[in-house]
Amino acid sequence: PPPPPGKGPPRRRAAAYAQPPEQSGPLATATVEGYHSFVPLDVPDASRRSRTPSFLCKATSSVDGEAYSLRRLDGPPVPPEPLAAALAWRSLRHPSLVALVDAFTATGPAADGRVGRATYFVHELFPAAISLERAYFGTPGSAGNPGTPPSMTPTEDGLWDIALPLLSAIHAVHSAGAALRIVDPAHVLFTDPHTVRLSSIGVLDAARPERNLPLPALQSEDLQALGRLLVSVACQNAGAAAPTSLRRSLSFVHASYSADLSRLLMLLLSPPEAAHASVHDAVALVSGRLMTRLAQGVGYADALRTELSKEQENGRLLRLVLKLGLATSRPSLPANESYGDHPDRYLLRLFQDLLYGSSDEEGRPLISFAQAVHALNKLDLGHDGRALLTGREDGAMVLVSYHELKQVLERSFGEIAAAAEQ
């Protein structure tokens, strides 16, 4: 499917630390349990599912400086027992779940600025993510707001991009002896073009604890909810999975999509009292597609490791260039006024001329990144090979090994580091 807007790590990073517009009132200056710099997030609200009004915003932690998603449940604070049940989700990590970081009760401002005690949930933040609901169904209009049209069109591959990760997440949760209870389009987020994650985990365990239904019934409802979600997306109609429309919607899916998808939906939507299908049955049914997805994931991880190794090399060379610049640019130190005139610094400046000041016979600058990288790699290694260094001003010529140059650089940088610690 076409990717949703706001994708890619650079854009996510920029969105996470973007400066908010000027704000006033309690929200602008609030600090709640070490979280500050609150910025309201324009995403679908969980209150429709939990029947509990809530306020979602981005906040920055004073502990690690990272940005997080902070949800404030309005109303009376959650009692200790349900809150402890919600905190149990912190130990569950899965790539298709937005991880719960913390949950606590504290005093802070609500969306309208009123300050009071409430329960807060802290989750990972995925800036620029959009909900599946918004991507496939758009947002309804209202007075003065025309709404937004859907940004994605359902396809066979797109449906499997949703079904397989969510089924994997449900499998992990059910295997851990829990139930999600929140599988719906408003809480499935596209955090990347083809990556979906379930958000708001643990909120319902605190806001609306379910004490009357046994765990198997709650887990069966997770599967039913996944089936209804897939039917709605396949038909691009939020009401397609309603009891009055489900039969007609399934007929459309059977006619428009693969037999594999139809069989999965029939399993997910089977009445609990009829077959008692479990998530393990669903995983077995789509095992072939899961194997394909696994192979794709391994290939993608290999490609990422290749790119990471390049960035590691870039970081290593950047550190070397910075040390070289620090060693040659400082004329003096507090305890050594003639630091910049020492022969060691002269050698390093000659090496810099080799890197950046080379010219051809006619005096035109020579720009060769490969030559510069080759020389820096030899310097970092302390290679026994020699470099002919030429002074542009005095015409001096020095033949020196890279091993000696590395020792000179380490001595020079060591003097700066020692002066900085005094």
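This is a predicted model: local features need pLDDT of at least 70, side-chain atom pairs count only at pLDDT 80 or more; totals for chains, interfaces and linings use all residues.

Residues are numbered from 1 along each chain as its sequence is written, and side-chain values use heavy atoms, with hydrogens and water left out.

**Ring pairs**

A pair of aromatic rings is described by the distance of the centres and the angle of the planes. Here, rings of Phe, Tyr and Trp (its six-membered ring) pair if their centres lie within 6.5 Å; planes under 30 degrees apart count as stacked, over 60 as edge-to-face and the rest as tilted. The count by this rule is six aromatic pairs.

Helices (H or I, at least four residues) and strands (E, at least two) are DSSP runs, numbered from the N terminus. Tyrosine 35 belongs to strand β1 (residues 35-40) and phenylalanine 104 to strand β4 (residues 100-109), so their pair links parts of the chain 69 residues apart. Buried means under 20% relative accessible area, exposed over 50%, and partly exposed in between (1.4 Å probe, protein chains only). Tyrosine 35 is buried because its relative accessibility is 8%, and phenylalanine 104 is buried at 9%. Ring pairs also join Tyr35, Tyr68, Phe104 and Tyr120 into a cluster.

Phenylalanine 351 is in helix α14 (residues 343-356) and tyrosine 402 in helix α16 (residues 402-421), so this pair ties together parts 51 residues apart in sequence. Both phenylalanine 351 and tyrosine 402 are buried.

**Charges over rings**

A charge sits over a ring if NZ of Lys or CZ of Arg is within 6 Å of the ring centre and within 35 degrees of the ring normal. Lysine 323 has its charged end over the ring of phenylalanine 413, 5.1 Å from the centre. Arginine 345 lies over the face of tyrosine 339, 3.9 Å from the ring centre.

**Helix α6**

In helix α6 (residues 156-175), 15 of the 20 residues are buried. Just after α6, glycine 177 has a positive phi of about 80°.

**Cysteines**

With a disulfide defined as a pair of cysteine sulfur atoms within 2.5 Å, the count is zero disulfides. Cysteine 57 is buried at 3% relative accessibility, while cysteine 235 is partly exposed at 22%.
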